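Subject: Handing over a structure, with notes

Dear colleague,

I am passing on the structure below, and I would be grateful if you could look through it alongside the notes that come after it.

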Amino acid sequence: MRITSRRRAIITFLSLGVCLAVLAVAVGFGWIILNWRLDVKVVLGVIFFGVIAAGLILNTTFLVREIKRNEQHDSFINAVTHELKTPIASIRLYLQTLQRRDVDEAKRREFYRLMLDDTNRLLGTVEQVLKAGEAGVRKSRYAQLDFADLVKECVETARTGHRLQRETLRYEQLLTNGNGAKVNGDSEELRTAVSNLLDNAIKYSGEKVEISVKVEIPDEKHVRLSVLDRGVGISAPELKRIFKRFYRVPNRSLAHVKGTGLGLFIVRAIAKKHGGKVSAMARTMNNPRPVILQLPRNLPPGSRA
């Protein structure tokens with residue numbers, strides 16, 4: 001209901017702005033036709049009404065953009081609230097059970113494991129929000145590192161954290177040179193970017209996880225990470241928006257997927273900070289295409305790939 005009312009507000013403001021702009025142009029042309037012999041007044045009239053029309057268009061654009069931003073902000077607040085409330089409620093339930101009932105040792109250990117999983121989920125949400133706030137602001141600690149090894153570690157962590165088999169999350173290195181995949185970067189930030197790409201692919205894979213992760217050297221100056229999953233896919237209209245802060249794809253089939261809409265935004269911010277870029281192409285389940293993170297290589301002086 002709230003989203004519908006906001007869409008109506010957007011349509012109303014947009015229609016009002018267009019109508020006012022058209023009215024201003026019509027009045028301006030009418031005035032010019034009536035006073036076409038007065039050269040100076042005609043020129044001033046054209047400038048005056050042009051400024052009015054431009055102002056109306058800019059004002060309407062600004063209002064519509066602000067409405068959309070408020071909508072995304074509210075969606076983010078709802079998502080974060082849910083991501084925090086659900087594990088807290090779960091932990092509280094287990095603690096109340098342990099407090100009020102005698103539980104055997106096996107069940108007690110199971111409760112402890114589930115509570116640890118919930119605390120990890122809480123910690124992950126808090127870290128996502130903090131890192132989004134630090135994106136572009138935090139002072140990076142750059143050092144030479146092997147990007148392929150870093151990605152491999154992230155893949156192993158993702159396998160363990162999501163309890164995946166090796167064949168469901170495959171990792172491959174295509175390094176046909178003696179210099180490896182050396183980059184100059186902040187290991188913590190790059191690990192965050194890679195982990196977010198992997199978590200995003202796993203979340204949107206659905207029940208059947210089938211992900212391929214590849215590190216390769218596309219040219220002399222870059223190293224590339226490709227993450228390919230066979231999930232629901234990304235439609236062409238969403239490509240320019242998925243890397244924006246708070247944005248989540250408005251798809252009913254994805255309503256069960258939890259998240260804050262910050263993961264890909266953080267990836268893009270870290271990539272830009274390291275002189276690289278992240279991109280995605282429109283894809284479907286029948287035609288999957290990877291999300292690509294590309295970074296500049298740190299080559300030794302005088303070396304060639």
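This is a predicted model: local features need pLDDT of at least 70, side-chain atom pairs count only at pLDDT 80 or more; totals for chains, interfaces and linings use all residues.

Residues are numbered from 1 along each chain as its sequence is written, and side-chain values use heavy atoms, with hydrogens and water left out.

The overall picture

The protein has 6 helices and 7 strands, where helices (H or I, at least four residues) and strands (E, at least two) are DSSP runs numbered from the N terminus. Read from the N terminus, the order of these elements is α-α-α-β-α-β-β-α-β-β-α-β-β. Of the 305 residues, 36% are buried, a term that stands for under 20% relative accessible area, with exposed meaning over 50% and partly exposed in between (1.4 Å probe, protein chains only). Counting contacts (heavy atoms within 4.5 Å) between residues at least 6 apart in sequence, 71% join residues at least 24 apart.

Helix 5 and helix 6

The axes of helix 5 (residues 187-203) and helix 6 (residues 263-273) come within 9 Å of each other and cross at roughly 145 degrees; axes here are lines fitted to C-alpha atoms, for helices over the stretch in contact, and angles run from 0 to 180 degrees between N-to-C directions. On the helix 5 side, the residues that meet helix 6 include Leu-190, Ala-193 and Leu-197, and their counterparts in helix 6 include Leu-264, Val-267 and Ile-270. The residues of this contact divide into 7 nonpolar, 4 polar and 2 charged, where Ala, Val, Leu, Ile, Met, Phe, Trp, Tyr, Cys and Pro count as nonpolar, Asp, Glu, Lys and Arg as charged, and the others, Gly among them, as polar.

Among the buried residues of helix 5 are Leu-190, Ala-193 and Leu-197.

Helix 4 and what follows it

Helix 4 (residues 147-162) has 16 residues and reaches 22 Å from its first C-alpha to its last, close to the 22 Å expected at 1.5 Å a residue, the expected span being 1.5 Å times one less than the number of residues. Its buried residues include Phe-147, Ala-148, Leu-150 and Val-151. At the start of helix 4, a side-chain oxygen of Asp-146 comes to within 3.0 Å of the backbone nitrogen of Ala-148.

Arg-163 follows helix 4 and is found in the loop between helix 4 and strand 2. Although Arg-163 is not a glycine, its phi is positive, at about 55 degrees, and with 57% relative accessibility it counts as exposed.

Leu-175

Leu-175 sits in the loop between strand 2 (169-174) and strand 3 (182-185), and is partly exposed, with a relative accessible area of 26%. Leaving aside neighbours within four places in sequence, Leu-175 is in contact with residues including Ala-148, Gly-180 and Val-215. Leu-175 and Val-215 are 40 residues apart in sequence, yet 7.7 Å apart in space, C-alpha to C-alpha.

With kind regards

Terms used:
A polar contact is a pair of N or O atoms within 3.5 Å; within protein, one must be able to donate a hydrogen and the other to accept it, and residues adjacent in sequence count only if both atoms are side-chain atoms.
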